[in-house]
Amino acid sequence: MATPPRILHLLLTLFILSGKTTSSSASRDDVDAFLGCLSAAIPPSIVHTPANNSYSPLLLSSVRNLRYALPGTARPLAIVAATEPAHVQATVLCGCRHGVRVRTRSGGHDYEGLSYASLDPNEHFAVLDLAALRMISIDAGRAEAWVESGASLGELYYAVGAASRTLAFPAGSCPTVCLGGHLSGGGFGSLARKYGLSADNVLDAVVVDAQGRLLNRSAMGEDLFWAIRGGGGESFGVIVSWKVRLVRVPETVTVFGIRRFRNQSAADLVTKWQGVAPFLPRNLYLRVLLQNPQADFVAFFLGRCSRLAGIMRRRFPELRMMPADCQEISWVHSTLFMEFFTTDKPLDVLLDRSNKPDYYLKVKSDHVEKPIPKRAWEGLWDKWLDQPGTPPIMLDPYGGRMSSISPSATPFPHRNYLYQLQIYSFWFENGTDALEKRISWVRGVHKELEPYVSKNPRAVYVNYRDLELGTNELEGNVTSYEKAKVWGEKYFKGNFERLAAVKSKVDPHDFFRNEQSIPLLPAAAKG
């Protein structure tokens, strides 16, 4: 893929001069030179520094976790609000030349803020904000779409629904999540049991590498194409757009939400669910949310209510699902239901990118390979879910298409588990006491579940980043592979070493790095 001619000379000149980064934190002179480089390469109107009134509003515009908006959080020295791939190329090359690292933000839903914040208060870094790169081009005849990384899931769903009633895209439930981060980590949602992860349905991509080159699939090679579809964001380059496969769905799908309380045998139902949901037909997804004294069973079915009712009678009669529980709707309306638990909202809610939460957040995830016994669920309710307003625990079933794809087909390795489990804590009150109390709650639930979840390693979904698993350390001027294995093998299991090998090939100076970026593979391991 060719570099745009109007900046070709600049990019080539910067690449020749850049060399490798020689320090982990740029000097003040390097920072000034970096900003000068940006001003020569891209329109000043899209470069925002703390001296601009636009800086703070832009920085906070997609901060989805207020923990990373607190005073004392390390902030970028500049935000580049790219409006075309050439701006991404120039920013990367200026950063490489002057030792200023670049963090890339598409939607800001990363739970530990790695796309716009740093744990090192002395680090000089810039943020590439891709929110304006949100073009969506649907080819309904070929059942394909090109989508830029800054487009949200809601925007993609809306565009697909407008183009066809029988096409969909397999992805997550939150409409304000953007494609860049979602696909980089794998992407799980209600169509995964039928069609796999979002990343399983990526056909091509356009990446800006550490040399500032704009590469499509044929130019980047299959190793890098493998790594970006689930290897986590910000390790290999900046993905500016994705070509995805759209999947077939019936014109009418069915959803339901059924709530059962503890005095209605909720613990028995959740225990039973573990042996049912992963083995249901692929066109049926049935998740559970545990919160306070109840369990909410939420279903998405590729078919009519009458068929769904029959399946539930045969496979899960204990839930006592009735046809009156069903709603028959289009697939695009089902995306509203899976997020908001209602279909009464207008479809254009999917286009609302201003849905910025006003809460603080901490999340952990686990994978389960054997059903958790009823006594453990009862203990969890008694000890951790007995107070009003406690956050939810979500159980998402695997099986179906998920278990028929090799764990090494993409970097996402967790396909053979029964289900994924997510522990959420969110709170609205500011202050150290609230933070410690709420994070302590997540840690307590996580510890309580330890005997019953995956082991060696305790498997974690990379899109649920957790810095408590470990953070990177430097050896010389590159990330330590041995230190990174502590967290990396939990996210990627046996795929971690291959990811490091790809990193060594495409970013040998370790320019794209953060607290949990993929390290280089040591020379001894390569041999």
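Trainee: Is Cys 305 buried or exposed?

Mentor: Burial is read from relative accessible area: under 20% is buried, over 50% is exposed, and in between is partly exposed, with a 1.4 Å probe and protein chains only. Cys 305 has 7% relative accessibility, so Cys 305 counts as buried. Cys 326, at 14%, also counts as buried.

Trainee: What should I know about the model before going on?

Mentor: The model is predicted; local features need pLDDT of at least 70, side-chain atom pairs count only at pLDDT 80 or more, and totals for chains, interfaces and linings use all residues. Residues are numbered from 1 along each chain as its sequence is written, and side-chain values use heavy atoms, with hydrogens and water left out.

Trainee: How many disulfides does a search of the whole structure find?

Mentor: A disulfide is a pair of cysteine sulfur atoms within 2.5 Å. The search of the whole structure gives 2 disulfides. One joins Cys 305 to Cys 326, with an S to S distance of 2.4 Å. Helices (H or I, at least four residues) and strands (E, at least two) are DSSP runs numbered from the N terminus. Cys 305 lies in helix H11 (residues 305–315) and Cys 326 in strand E15 (residues 326–329), so this pair ties together parts 21 residues apart in sequence. The link of Cys 305 and Cys 326 is right-handed, with 75 degrees about the S-S bond.

Trainee: Which residue does a disulfide join to Cys 37?

Mentor: Cys 37 is joined to Cys 94, at 2.1 Å from S to S. Cys 37 sits in helix H2 (residues 28–41) and Cys 94 in helix H4 (residues 85–98), 57 residues apart, and the pair links distant parts of the chain. The torsion about the S-S bond of Cys 37 and Cys 94 is about -75 degrees, so that disulfide is left-handed. Both Cys 37 and Cys 94 are buried.

Trainee: What is the pairing when the bonded cysteines are numbered in sequence order?

Mentor: The pairing is 1-2, 3-4. Cys 96 is in no disulfide; its nearest cysteine sulfur, that of Cys 94, is 9.6 Å away. At 8% relative accessibility, Cys 96 counts as buried.

Trainee: At what angle do helix H5 and helix H12 pack?

Mentor: Axes are lines fitted to C-alpha atoms, for helices over the stretch in contact, and angles run from 0 to 180 degrees between N-to-C directions. Helix H5 (residues 153–163) and helix H12 (residues 331–340) pack at about 155 degrees, with axes 9 Å apart.
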